[in-house]
Amino acid sequence: MGENTRSMIFTIYGDYIHHYGNKIWIGSLIRLLKEFGHNDQAARVAVSRMMKQGWLQSEKQDNRSYYFLTEQGISRIEEAGNRIFKLNPIEWDGKWRVLMYTIPEEKRHIRDELRQELLWSGFGSFSNACWISPNNLEKEVKLLIEKYDISEYVDFFISEYIGPKDNHTLVEKSWPLEQIVEKYEEFIIKYSKQFIANQEIIKRGEMSDADCFVERTRLVHEYRKFLFIDPGLPKELLPENWNGTLAASLFNQYYQVLAEPASRFFESIFQENNDLCKKDVSYDAKQHPYMIQ
């Protein structure tokens, strides 16, 4: 339950609190989490764990505890928003980025972390210690080399593949596309049913703002998981009828319907003992960073 509560807190910060001055009274946060069935104790345990891990900081005002994201926490949620280009297929320049490394055994922990970061950036594991991507990730690679101080162990190439197989074979070898397709399929089946069932009810104002808040937060929470598994391949390299495009379109449509009543509910809870004046004037709930423009 604790881990689950923690990742829901991240989603609520990223999708709501971040746009309202980044700070919330613990009572309001507990009240929001209650909508998802997380009790008071689970919320407090998750918050104290997030403080220990450096994601949150607290401050007291009039005997009330307020929590805000640290720099590390803010960069985590902004990074998730920025990486969404991955779910919006781009044009391919025909070139492959190839990263090879030989990291010594005594730095194994660095190797494991680097592997996670490469997956997260959308690199595919072509063979042991050789990673490839069709996307322009030069900047990301440079940052990773600096972050882990591994310039002496790494070689980075930009190249063209001239066979004997074809580019699609490279893709099949380097990414578990079938698994990704299955995950998208699950998302599409689940949310197309809910979208069809709820669309008219919401438009008629017959679904409570609280239910819209829960539904929108869960929708974002589920869709966000594709950031970790979809490498964001260019359309030339995707299988025919790539269902990631359908999932993105479903996300956009359903989110648009839920956005306003969900925000209304959030504000109704937030207005007590928090500062609504800190709301970002440019924030428009109907424009989500995960939308394909």
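Which residues touch the most other members of the largest nonpolar core? Select Trp96, Phe187 and Phe213: these three do, in a core of 74 residues. Next, colour helix H11, residues 243–270. H11 gives this core its largest share, 14 residues. Bear in mind that the model is predicted.

**Around Trp96**

Stay on Trp96 and show its contacts beyond four places in sequence. Among them are Ile132, Ser133 and Pro134. Phe157, Ile158, Ser159 and Tyr161 are also in contact with Trp96.

Now select H5 (residues 108–121) and H6 (residues 138–148). Their axes lie 11 Å apart, at an angle of about 160°. Angles over 145 degrees count as roughly antiparallel, so that is how H5 and H6 run relative to each other. The crossing of H5 past H6 is right-handed.

Show side chains here. From H5, pick Ile110, Glu113, Leu114, Glu117 and Leu118; they meet Leu144, Lys147 and Tyr148 of H6. By class, this contact has five nonpolar and three charged residues, and no polar ones.

**Backbone stops**

Go to Pro164, in the loop between strand S7 (154–159) and helix H7 (167–174). The peptide bond from Gly163 to Pro164 is cis, with omega near 10°.

Then pick Asn241, in the loop between helix H10 (226–229) and H11. Its phi is positive, near 55°. Asn241 is exposed, at 75% relative accessible area.

Finish at Asn273, in the segment after H11. Phi of Asn273 is also positive, near 65°. Asn273 is partly exposed, with a relative accessible area of 26%.

How values were computed
Residues are numbered from 1 along each chain as its sequence is written. This is a predicted model: local features need pLDDT of at least 70, side-chain atom pairs count only at pLDDT 80 or more; totals for chains, interfaces and linings use all residues. Side-chain values use heavy atoms; hydrogens and water are left out. A nonpolar core is a set of buried Ala, Val, Leu, Ile, Met, Phe, Trp, Tyr and Cys residues joined through side-chain atoms within 4.5 Å. Buried means under 20% relative accessible area, exposed over 50%, partly exposed in between (1.4 Å probe, protein chains only). Helices (H or I, at least four residues) and strands (E, at least two) are DSSP runs, numbered from the N terminus. Contact means heavy atoms within 4.5 Å. Axes are lines fitted to C-alpha atoms, for helices over the stretch in contact, and angles run from 0 to 180 degrees between N-to-C directions. Angles under 35 degrees count as roughly parallel, over 145 as roughly antiparallel, 65 to 115 as roughly perpendicular and the rest as oblique. A crossing is left-handed if the near helix is turned anticlockwise from the far one by less than a right angle, and right-handed if clockwise. Ala, Val, Leu, Ile, Met, Phe, Trp, Tyr, Cys and Pro count as nonpolar, Asp, Glu, Lys and Arg as charged, and the others, Gly among them, as polar.
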